Amino acid sequence: MKNTVLFIGSYSEASKDGIRALILTDKAPWFGADRKGISGIANPSFLKLSPNRKMLYAVSEVGEGTVQAYAIQPAGGQAPPGLTPAGTPQPAGNGPCHISVDPQNRHIIVSNYNGGSLSVFPLDENGIPRTAVQRLHFSGKGPNPSRQEAPHAHSTLFSPDGKQVFAADLGTDRIYIYDYDPKHDKRPLTPAQQPFTTTTPGGGPRHMAFSADGKLLFAVLELNGQVQTFRYQNGGLTPLQTVSAAPADYKGDNFSGADIHLSPDGKFLYTSLRGDIHQIAIFKVQADGLQLVKNQPLPGKEPRNFCLSHDGSLLYCALQKSGTIVVFKRDPETGLLTDTGMSMETPAPVCLEIL
């Protein structure tokens with residue numbers, strides 16, 4: 001944990017420090033005292049590190065948004081690193097909300113929520129995005145008239161071997177499957193033999209994660225708070241299980257899923273829940289799907305993105321409406337979380353990326 005850094009993305013005006021960097025410590029108070037802020041970008045609501053950890057990518061989630069690369073400038077001692085804009089902002093699309101990076105650092109893919117589209121950007125030798133070479137537009141709608149009136153691309157995920165890309169479309173209840181050829185200059189993504197699979201009608205797939213062995217794909221469904229499991233085999237997806245992330249005694253219908261992450265040991269899966277329920281749902285990963293273990297209440301409102309420390313001992317969660325980041329200890333044997341009681345105040349945090 002020594003000198004571990006947390007980058008924070010938020011909803012913010014360009015004139016304010018929308019991206020922040022702070023040092024994490026391995027004991028109370030868990031957060032370093034000093035913070036560095038980066039301004040000049042509006043609504044940097046999603047951040048993603050390059051595989052070599054030298055570059056941070058950020059979207060500007062506005063009407064016609066962009067993606068920007070930042071070179072990470074190391075700092076000594078307990079000072080958090082600085083970020084220097086690298087290259088120029090590249091036009092992404094309408095409402096960019098997510099970034100995924102090729103494990104070999106050859107392309108980044110930006111999901112555009114309002115535009116219902118994906119933009120594929122080649123990276124130069126320094127990891128700086130060049131002009132997009134491919135833009136894919138989804139079509140259709142779903143059964144929820146207020147949220148699924150049109151396609152809403154929410155995230156992409158590379159397969160464990162880096163040969164395929166999966167795209168979650170909240171608006172049409174589909175997960176699209178693409179074959180990925182990084183050597184193709186103009187069309188790195190082509191529809192796979194199985195071009196898509198469907199999720200629960202009205203569920204709205206948001207974010208995804210693979211199991212440690214790469215045989216299962218998990219998708220958190222934003223609109224109904226479910227987690228759907230698919231068997232991944234021969235380049236295709238087969239529905240395997242659908243389970244609610246709500247606690248057993250919950251009788252309402254105003255809750256939704258947000259983020260999803262696998263523990264480093266691969267034994268547990270975590271999802272964040274919003275609406276009436278401000279919690280982290282804890283699942284045990286089994287060969288045939290998931291078993292809900294417990295719902296951990298959060299000391300605040302509107303959990304969005306969260307992350308685990310590299311060793312899996314701690315979980316950090318961004319609470320957008322409370323303006324705080326909270327930290328939990330994690331039991332590696334049971335997967336359960338314990339609130340440390342410590343928090344860091346920061347305006348409208350919605351994305352956490354740990355260096």
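**Entry 1**

I looked up how E2 meets strand E3 (residues 31-38) and found the two running antiparallel, joined by 5 bridges. I used the rule that two strands pair if DSSP finds at least two bridges between them. Strands here are DSSP runs (E, at least two residues) and helices are runs of H or I with at least four residues, numbered from the N terminus. In this pairing alanine 21 stands opposite lysine 36 of E3.

I note the basis before going on: this is a predicted model, local features need pLDDT of at least 70, side-chain atom pairs count only at pLDDT 80 or more, and totals for chains, interfaces and linings use all residues. Residues are numbered from 1 along each chain as its sequence is written, and side-chain values use heavy atoms, with hydrogens and water left out.

I then checked E2 against strand E1 (residues 4-10): 6 bridges join them, again antiparallel. Valine 5 stands opposite isoleucine 23 in E2. For burial I took under 20% relative accessible area as buried, over 50% as exposed and what lies in between as partly exposed, with a 1.4 Å probe and protein chains only. Of strand E2 (residues 19-24), 6 of the 6 residues are buried, so the strand is largely enclosed by the rest of the structure.

The hairpin of E2 and E3 has 6 residues between the strands, and there tryptophan 30 takes a positive phi near 75 degrees. I also found a cis peptide bond joining alanine 28 and proline 29, with omega about 10 degrees. Proline 29 sits in the loop between E2 and E3.

**Entry 2: two open sheets**

I traced an open, antiparallel sheet of 4 strands in the order E4-E5-E6-E7. Strand E4 (47-49) and strand E7 (82-93) are at its edges with a single partner strand each, so one side of each has no neighbour in the sheet. The twist from one strand to the next averages 20 degrees. For such angles, axes are lines fitted to C-alpha atoms, for helices over the stretch in contact, and angles run from 0 to 180 degrees between N-to-C directions. Inside the sheet, strand E5 (residues 55-60) and strand E6 (residues 65-73) pair in the antiparallel sense over 6 bridges. Alanine 58 has glutamine 68 in E6 as its bridge partner.

I found another open sheet of 4 strands in the order E24-E25-E26-E27, with antiparallel pairing. Its edge strands are strand E24 (303-308) and strand E27 (337-345), each pairing on one side only. Neighbouring strands of this sheet are turned by 25 degrees against each other on average, direction ignored. E24 pairs with strand E25 (residues 314-319) over 4 bridges in the antiparallel sense. Cysteine 307 has tyrosine 316 in E25 as its bridge partner.

**Entry 3: aromatic rings**

I counted ring pairs with this rule: rings of Phe, Tyr and Trp (its six-membered ring) pair if their centres lie within 6.5 Å, and planes under 30 degrees apart count as stacked, over 60 as edge-to-face and the rest as tilted. The count comes to 8 aromatic pairs. Phenylalanine 138 and tyrosine 176 are stacked, with 4.3 Å centre to centre and 10 degrees between the planes. Phenylalanine 138 lies in the loop between strand E11 (134-137) and strand E12 (153-158) and tyrosine 176 in strand E14 (residues 174-180), so the pair ties together parts 38 residues apart in sequence. Both phenylalanine 138 and tyrosine 176 are buried.

Phe138, Tyr176 and Phe196 form one aromatic cluster. I found arginine 174 over the face of phenylalanine 196, at 3.7 Å from the ring centre. The criterion is NZ of Lys or CZ of Arg within 6 Å of the ring centre and within 35 degrees of the ring normal.

**Entry 4: positive phi**

I looked up aspartate 173, whose phi is near 55 degrees, a positive value in a residue other than glycine. Aspartate 173 lies in the loop between strand E13 (164-169) and E14, and is buried with a relative accessible area of 5%. Asparagine 43 also has a positive phi, near 50 degrees, and is found in the loop between E3 and E4.

**Entry 5: whole chain**

I recorded 0 helices and 28 strands for the protein chain. Of its 355 residues, 59% count as buried. The C-alpha trace spans about 50 × 50 × 35 Å along its principal axes.
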